[in-house]
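Biologist: I am new to this model and would like a close look at one part of it, the aromatic rings.

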Amino acid sequence: MIIAVTDTHALISLTMVEAILWDNDGVLVDTEGLFYQATRVALACAGVDLTPELYLDYAMRKGRSTLDLVAAQGWNREQVAALRDERNLMYSNLLRTERSVFPNVLPVLQSFSGRVRMAVVTSSRREHVEITHERNGLLGFFEFILASEDCQNLKPHPEPYQIALQRLNLPANRCVVIEDSERGLTSALAAGLRCVVVPNPLTQSCAFQGATAIVPGFHAIPGIIATL
């Protein structure tokens with residue numbers, strides 16, 4: 001994939017960036033496929049075939065819970081909650097055995113460390129973020145982790161990034177977001193933020209209208225934010 005810059009004025013203004021807000025899953029760590037795997041197995045127990053296309057549309061574009069597909073079949077709240085707990089436990093176990101950081105993440109974070117403020121803004125549960133990063137040392141680069149428990153509304157709603165801006169005490173035009181999905185891009189844009197998208201294998205077919213840039217991998221990020 002070739003770097004695609006969709007807003008040259010926004011790219012020029014990145015010279016004034018004071019903070020970078022990173023999505024976690026699919027950006028820093030290769031975990032989107034693991035979450036899909038756990039969710040697909042859980043939903044199969046309820047008779048729902050969660051195809052990659054359906055998951056992409058529900059979760060990565062619309063930011064909806066795929067467990068809604070089970071509720072639509074007549075499962076009550078208690079049953080859906082039990083299935084969610086089962087899926088979350090399965091996902092936790094996968095994270096403990098199959099964690100992987102995307103290539104170039106560590107050197108890129110090191111290059112930004114001390115030069116720009118950084119935080120993680122994710123729709124994942126804090127427990128899963130901590131399991132994912134418990135031995136890779138990446139969390140030390142970030143001022144804070146804003147997880148699902150910290151918000152009333154998750155991406156694509158702007159609330160996660162609005163809260164992050166409040167915590168940083170910075171205006172949106174001094175920050176930039178790094179995302180991998182349509183729901184994340186929508187959330188960032190709705191909060192008034194510029195967004196650089198790094199698609200992963202699960203999201204590479206998505207449309208990223210409004211992104212400041214679309215880059216082929218983590219290594220390309222410093223080239224977009226080159227004059228901090």
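Biologist: Which residue lies over the face of Phe144, and how far is it from the ring centre?

Modeller: This is a predicted model, in which local features need pLDDT of at least 70 and side-chain atom pairs count only at pLDDT 80 or more, while totals for chains, interfaces and linings use all residues. Residues are numbered from 1 along each chain as its sequence is written, and side-chain values use heavy atoms, with hydrogens and water left out.

The residue over the face of Phe144 is Arg167, at 5.4 Å from the ring centre. A charge sits over a ring if NZ of Lys or CZ of Arg is within 6 Å of the ring centre and within 35 degrees of the ring normal.

Now the ring pairs. Rings of Phe, Tyr and Trp (its six-membered ring) pair if their centres lie within 6.5 Å; planes under 30 degrees apart count as stacked, over 60 as edge-to-face and the rest as tilted. In one of them, the ring centres of Trp22 and Phe112 are 6.2 Å apart and the planes meet at 50°, so the pair is tilted. Trp22 belongs to strand 2 (residues 19-22) and Phe112 to helix 6 (residues 105-112), so the pair ties together parts 90 residues apart in sequence. Helices (H or I, at least four residues) and strands (E, at least two) are DSSP runs, numbered from the N terminus.

Trp22 also pairs with Phe218, and this pair is stacked, with 5.2 Å centre to centre and 20° between the planes. Phe218 sits in the loop between strand 7 (213-214) and helix 10 (221-224), 196 residues from Trp22.

Trp22 has 0% relative accessibility and counts as buried, as does Phe112 at 1%; Phe218 is buried too. Buried means under 20% relative accessible area, exposed over 50%, partly exposed in between (1.4 Å probe, protein chains only). Through these ring pairs Trp22, Phe112 and Phe218 form a cluster.
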